[in-house]
Amino acid sequence: MNVIIKKLSGALCAVSLLCSPVLADEDYVNPYPDLAEEHWCYEYVTGLNRDGIIPEQDAFEADEAAWRGTAAMYLYNLNLSRGGESVETDTDVFFDLLPDTAFGEGATWAYENSIVEKMSPNEWGAFSHITREELCAAVINYLNYANASVAAVSDETLFADAVQIGANYKSAVMACKIAGIVSGGDDVSFRPKDYATNAECAAVIYNLKKALERGVLEGETSVLTGEGDYLYLYKTEPHAVEASEAVDDSWFNDAVFIGDSVTEGLKLYRGDALAGAKFLSATSMSATTILSGKIKPTYQGEKVTIEEGVKLSGAKYVYIMMGMNNIPYGTERATGDMVTVINSIIASNPDVKIFIESVTPMTSTSSRKDSGLNNQTIAAYNERMMELAAENGWYYINVAEAVSDENGYLISSYCSDANNMGLHFNSKGVAAWVNYLKTHVPAELK
């Protein structure tokens, strides 16, 4: 059986998967010229090679990011080693699955059995990299597919950066941690959005294999593999980014600001501050109108979708302040649509960091406030968005506290229409806003 292993110099390198018997240690020859015996993953990789799960190849590239296809192939070969049946590649479904190869077979098997989902209607994503949290999800999906149990051998302590784990991956990551399949670094962090390296992918599959072989001993507890089983462990108090020493304006050269007419004011009055920042804003824009397609922002003179705009901007940091235009329809709908929009941005731009800016309040003299839109409904919306930010690993920037008076109203002298709509900013208000942004950048991103 052939496998597609590496994409070298623009060409695909096919090699044979050797199904020879396990060799004695003294007879074993490391088939990977670039993998030194001193590398931390050596035993994991060569152990899996002995078992026919990782094939020989010209270079293992231990520290390079692993492909989704690689992870699927390893799981597929593990399943074959446990008596599973082989599959045939269906190239009529996905253009990137190569026929008659273990690489393609593994991806087809992973898709057909809901172990690793497709990336788009016509592309499975074989040559896209897999994140650490996605790898954990694949492991748990495999355990459910195989109806297999593994023992709980580690505690339920959260990773130091657990807040950054995506909502859909939290339970799977914790299940893998409790099973001893993954562990944190020296600082007990997991870095869930980082791509898993080939070495890390091999280590995870090796640990999974050993956990399956060990099984659950009498008196031990099995790791739960149901969707959401461990979410209760992540219940933490919502929090906003704390104040710190101000960053230079240049930090925002990698930022894009998404919002409605309030954000248009930031764009208009920021002056020389945040000069390198990009903007995707439009009057009356909201998460709801974005999803309906009724309103699109303009980027470099062209109407674009939010996802396209973020990609074109090349931004690393996405600041979002929206809600004023759909809060009147209820907090549940407004926040739900925001989450949908943000997840869509992340799906198209997986490396960006999300910053939720609180919706700013209205002045005490606003003629716009009514039963649907007022400072109470704005506060309820902000509170829910702060909770969602904590649950999803997004940053929450409480801009409202920088522009509110002692009664929670927008400071009138900061407002360009204090006696009318009572919600837009003038240059003085924008200056306070900019200063708040500069002094509320997460320490780990500086």
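Helices (H or I, at least four residues) and strands (E, at least two) are DSSP runs, numbered from the N terminus. This is a predicted model, in which local features need pLDDT of at least 70 and side-chain atom pairs count only at pLDDT 80 or more, while totals for chains, interfaces and linings use all residues. Residues are numbered from 1 along each chain as its sequence is written, and side-chain values use heavy atoms, with hydrogens and water left out.

**The largest pocket**

- On a 1 Å grid over the protein atoms alone, a pocket is an open set of points where a 1.4 Å probe fits, with protein on both sides within 12 Å along at least five of seven lines; lining residues have an atom within 4 Å of a point.
- The largest pocket has a volume of about 1600 Å³, a volume being the space filled by probe spheres set on grid points joined across faces, edges and corners.
- Its lining counts 49 residues, and T131, E133, E134, N168 and Y169 are the closest to the centre.
- Two or more lining residues come from each of α4 (132–145), α5 (170–178), α10 (331–348) and β8 (353–357).
- Helix α4 gives the most to this lining, with 7 residues.
- By class, the lining has 21 nonpolar, 17 polar and 11 charged residues; Ala, Val, Leu, Ile, Met, Phe, Trp, Tyr, Cys and Pro count as nonpolar, Asp, Glu, Lys and Arg as charged, and the others, Gly among them, as polar.

**Helix α1**

- Buried means under 20% relative accessible area, exposed over 50%, and partly exposed in between (1.4 Å probe, protein chains only).
- Helix α1 (residues 42–50) is largely enclosed by the rest of the structure, because 7 of its 9 residues are buried.
- Those buried residues are Y42, V45, T46, G47, L48, N49 and R50, and they pack against α6 (198–214).
- Just after α1, G52 takes a positive phi of about 75°.

**L143, in helix α4**

- L143 is found in α4 and counts as buried, at 1% relative accessibility.
- Leaving aside neighbours within four places in sequence, L143 is in contact (heavy atoms within 4.5 Å) with A148, V150, L208, L212 and T225.
- L143 and I115 are 28 residues apart in sequence and 9.3 Å apart in space, C-alpha to C-alpha.

**S416, in a loop**

- S416 sits in the loop between α12 (400–403) and α13 (427–438) and counts as partly exposed, at 45% relative accessibility.
- Beyond its neighbours within four places in sequence, S416 is in contact with H424, F425 and N426.
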